[in-house]
Amino acid sequence: MQIKSIKTSAKHYCFAALVVSIVLASCAFFLPAKALLGLVIVDIALVLHAMYLKQKTFILIKMGLMQLLVTLPFYYFIHGSASLFDGFIVVLRVFLAILPGWWLSHTQRPERLGEVLCWWLPAQWSFVIAASIGLLPYIIKETKEIYTIQCLRGARITPKALRNPKNWCELIYCVLLPMLIELLKLSKQMAQAAQLRHFGHNKTPTHWPDTPDEGPHINAVNNTADHPANSKENQDISPIFTHQSTSPKTTSTREQQ
Amino acid sequence: MQLASLSQIDFQFNDRQGKVFNQLNLTVNQGECHCIDGPTGSGKSTILKLLTQPQAFNYDGEVKLAPSLLIGLVMQDPNIQILRQTIGAEVAFGLENLAVPAQQMPQKVATALTRVGLNLPFSTPISQLSLGQKYRLMIAAQLVLSPQLLLLDEPWAQLDDQGVAELSALLVSLLADKMSLIIIEHQPQAFNPLIDFHWQLTGGQLISYSSPEPVTPAASIKGFNQAPLPPQAASITSAHASVKPPQTVSHSPLLTIAPHHFGYLAQEPLFECARPLSVSATEMVLLTGSNGAGKSSLLTAIVGGNSDVDLAAIELFGQRPKLGIFKHRLGFLMQRPSRQLFEPTVISELQFSLKRFGLPLTQADTVLAQLELSHLKHASPHTLSYGQQHLIAFASIACTYPAFLLLDDPFAGLDDEYMKKLIKILIELNQQGCGILIASHRVIPSLSYQQHWHISHGQLTQQTRPTNTHAQAFPYAD
């Protein structure tokens with residue numbers, strides 16, 4: 001019973017965080033410019049909350065500054081200095097739209113998000129969304145490492161080189177393209193890893209409860225006899241079966257399970 | 001009791017490539033441990049995939065699996081199998097998919113974690129685990145489902161010696177419980193006491209052998225040579241010794257590390273370097289340490305790739321490291337180097353750095369010839385085998401003939417043939433005046449080096465003598 005009550009509260013807290021994130025991200029686009037200050041104050045509260053949970057805000061700040069540095073020169077060259085404030089507002093709106101998503105991904109566990117998304121999405125979709133959110137730190141780390149490798153190989157993508165817009169293509173070619181290839185490989189491998197653990201073989205999967213203080217150091221018990229995989233009901237959903245190639249050239253016999 | 005069998009399996013990926021399996025046979029009974037060895041790209045991992053997901057392959061022959069057989073597969077790289085952020089949730093993923101009630105999960109997960117020796121709270125972030133611990137976590141994620149057959153893909157390459165010892169102890173207990181194992185491994189001797197059947201995958205068939213040393217028919221694998229590398233490095237390199245580095249050899253230190261505590265800013269230090277260390281031109285240095293000791297972090301810091309590390313104690317070419325300032329004088333091969341490949345052909349991949357640094361493009365052809373990969377010159381790097389991609393990535397760095405070369409776990413996942421090629425060119429570069437720093441989980445028996453640095457118990461120290469006997473062929477560092 002205790003586990004159930006903890007699970008319920010964590011689930012509802014996650015749901016509330018998801019709704020808040022969607023509402024705040026939407027507000028960033030739909031609120032008039034005058035009302036953005038209020039939204040900034042609310043979003044600062046989110047950042048403070050994430051910092052309280054010991055999350056790093058460096059990447060977020062860096063991303064905001066990069067957006068500003070890239071967008072404002074465009075506004076200056078295309079619309080002149082009078083439109084710089086408009087450019088700033090556009091950057092601010094994009095930043096405020098991204099920030100709630102960052103807060104959500106840094107304060108909620110992907111499996112809990114997946115559980116909440118299961119309320120109105122198929123289990124497979126919610127897993128894909130939750131796994132994608134959980135993958136963000138890995139993607140950032142990989143991108144950083146590929147960037148380092150290519151810088152050392154002489155690619156013109158150092159911060160100094162990127163001051164020249166001619167070199168921006170090199171960033172796409174040397175870093176984003178290999179990263180895309182890596183992501184394609186990774187998604188295939190992760191899908192395989194999930195399938196090997198019976199993902200997709202039950203339309204209504206259960207969910208891991210929140211057990212913050214528990215672990216094998218407390219309650220390890222040798223208990224394998226009643227494993228669900230060995231129960232009659234779960235044998236029906238077992239993905240393991242006797243298989244024979246579907247190739248028409250196959251000549252051997254099929255063994256029925 | 002027979003659990004699984006592959007009978008007369010013929011398989012090829014597509015019409016352009018040859019057969020991967022040619023009348024391949026394998027039978028696994030309860031409580032048996034099989035080990036499959038073979039060259040990189042020969043199809044070892046495909047055997048495991050065929051057993052776990054036969055419906056995904058279009059093959060000829062027969063795959064027989066015992067009714068209600070549960071198979072667990074732990075792939076080579078644990079990082080690509082992690083689906084959650086905490087260890088409890090990760091192990092429970094399979095239980096969720098089997099619709100096990102949430103109340104029953106903690107006990108089952110705890111049992112699986114205990115079995116692999118991860119006595120940690122469920123909420124432990126997976127990001128805090130070392131690679132060896134992650135590998136054991138992946139085994140726990142399979143054990144929680146009580147498989148009767150467990151498949152392991154190249155565990156040795158991912159684990160340090162302690163990790164291998166711990167894994168071996170775990171596998172002994174699993175075999176005692178009548179679980180069956182199939183291990184794909186380039187280094188079968190690491191698990192010799194467990195193994196009932198040794199197999200060599202060659203020519204699309206599994207050939208049985210009884211001794212720890214594979215009895216590969218040399219003629220069937222191009223360029224393969226079972227003989228160990230001779231101790232005298234010079235004799236290996238004579239064939240291509242005519243290639244000269246573009247830079248003049250200097251005997252002043254390329255890299256100096258002053259005594260300091262190394263670690264990330266605002267975090268506990270990873271290790272202490274109590275005495276000064278240095279690497280000179282023509283020196284080869286081996287840096288060893290267990291998973292998570294800080295080897296990769298140190299190498300990345302040396303090349304200027306870690307902005308959140310205090311670099312005051314490190315000097316490279318007499319300067320504090322900064323990314324991109326050393327140009328072609330510095331080469332760095334990261335782990336999983338195939339991720340750096342992006343050009344449409346092998347030759348353009350090699351020539352990329354040469355063009356950027358204004359070096360002769362012919363150096364690309366020279367290095368390809370040294371690695372005996374000239375026939376792949378116009379192939380797409382993305383269609384090559386793991387070992388070939390690994391060597392191409394290395395070649396793209398080596399072709400600039402850097403004055404100092406850093407390599408992070410460069411032999412991981414390579415078979416004897418590719419390992420031999422890599423060691424050969426490393427020795428050549430070293431003899432031509434290139435300082436080399438290699439990070440590895442363990443001492444590499446075929447490698448000659450002048451210094452051995454080791455990270456252990458939070459200390460980076462220089463070992464008094466190399467543990468490698470081949471090192472006697474080289475002058476010793478002061």
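1. Domain bounds here come from an automatic or database domain assignment. On that basis chain B splits into domain 1, residues 2-220, and domain 2, residues 233-473. The model is predicted, and the points below should be read with that in mind.

2. The two domains of chain B have centres 31 Å apart, taken over C-alpha atoms. Their contact draws 15 residues from domain 1 of chain B and 14 residues from domain 2 of chain B. On the domain 1 side, helices α4 (131-143) and α6 (161-176) of chain B each supply at least two residues. The most comes from α6(B), with three residues. By class, this side of domain 1 of chain B holds eight polar, four nonpolar and three charged residues.

3. Within chain B, strand β7 (residues 180-184) deserves a look. Five of its five residues are buried, so β7 of chain B is largely enclosed by the rest of the structure. The side chains can be sorted by direction. S180(B), I182(B) and I184(B) point one way from β7(B). L181(B) and I183(B) point the other way. Both sets are buried.

4. Which strands pair with β7(B)? One is β3 (residues 33-37) of chain B, joined to β7(B) by four bridges. Another is β6 (residues 149-153) of chain B, with five bridges to β7(B). The β3 pairing with β7(B) is parallel, and the β6 pairing with β7(B) is parallel too. H34(B) stands opposite I182(B) in β7(B), while L152(B) stands opposite I183(B).

5. Chain B also has an open sheet of eight strands. Their order is β11-β12-β20-β19-β14-β18-β17-β16, with mixed pairing. From one strand to the next, the twist averages 20°.

6. Strand β12 (residues 271-273) of chain B meets strand β20 (residues 459-462) of chain B over two bridges, in the parallel sense. C273(B) stands opposite L460(B) in β20(B).

7. What lies across β11 of chain B? Helix α8 (residues 295-302) of chain B does.

8. Chain A has another make-up. Its secondary structure amounts to nine helices and one strand. Read from the N terminus, the elements run α-α-α-α-α-α-α-α-α-β. Chain A has 257 residues, of which 26% count as buried. Take the contacts in chain A between residues at least 6 apart in sequence: 59% of them join residues at least 24 apart.

9. The unreviewed UniProt entry annotates "transmembrane region" over residues 12-31, 37-53, 60-78, 84-104 and 116-140 of chain A. Residues 116-140 of chain A are 80% helix and 0% strand. Here the end C-alpha atoms lie 25 Å apart.

Key: Residues are numbered from 1 along each chain as its sequence is written. Chains are lettered from A and ligands numbered from 1 in the order in which they are written. This is a predicted model: local features need pLDDT of at least 70, side-chain atom pairs count only at pLDDT 80 or more; totals for chains, interfaces and linings use all residues. UniProt positions are given in the numbering used here, feature names are shortened, and annotations may be inferred rather than shown by experiment. Two residues are in contact if their C-beta atoms, placed from the backbone, lie within 7 Å. Ala, Val, Leu, Ile, Met, Phe, Trp, Tyr, Cys and Pro count as nonpolar, Asp, Glu, Lys and Arg as charged, and the others, Gly among them, as polar. A residue is buried if 20 or more other C-beta atoms lie within 10 Å of its own, exposed if 12 or fewer, and partly exposed in between; C-beta atoms are placed from the backbone. Two strands pair if DSSP finds at least two bridges between them. Axes are lines fitted to C-alpha atoms, for helices over the stretch in contact, and angles run from 0 to 180 degrees between N-to-C directions.
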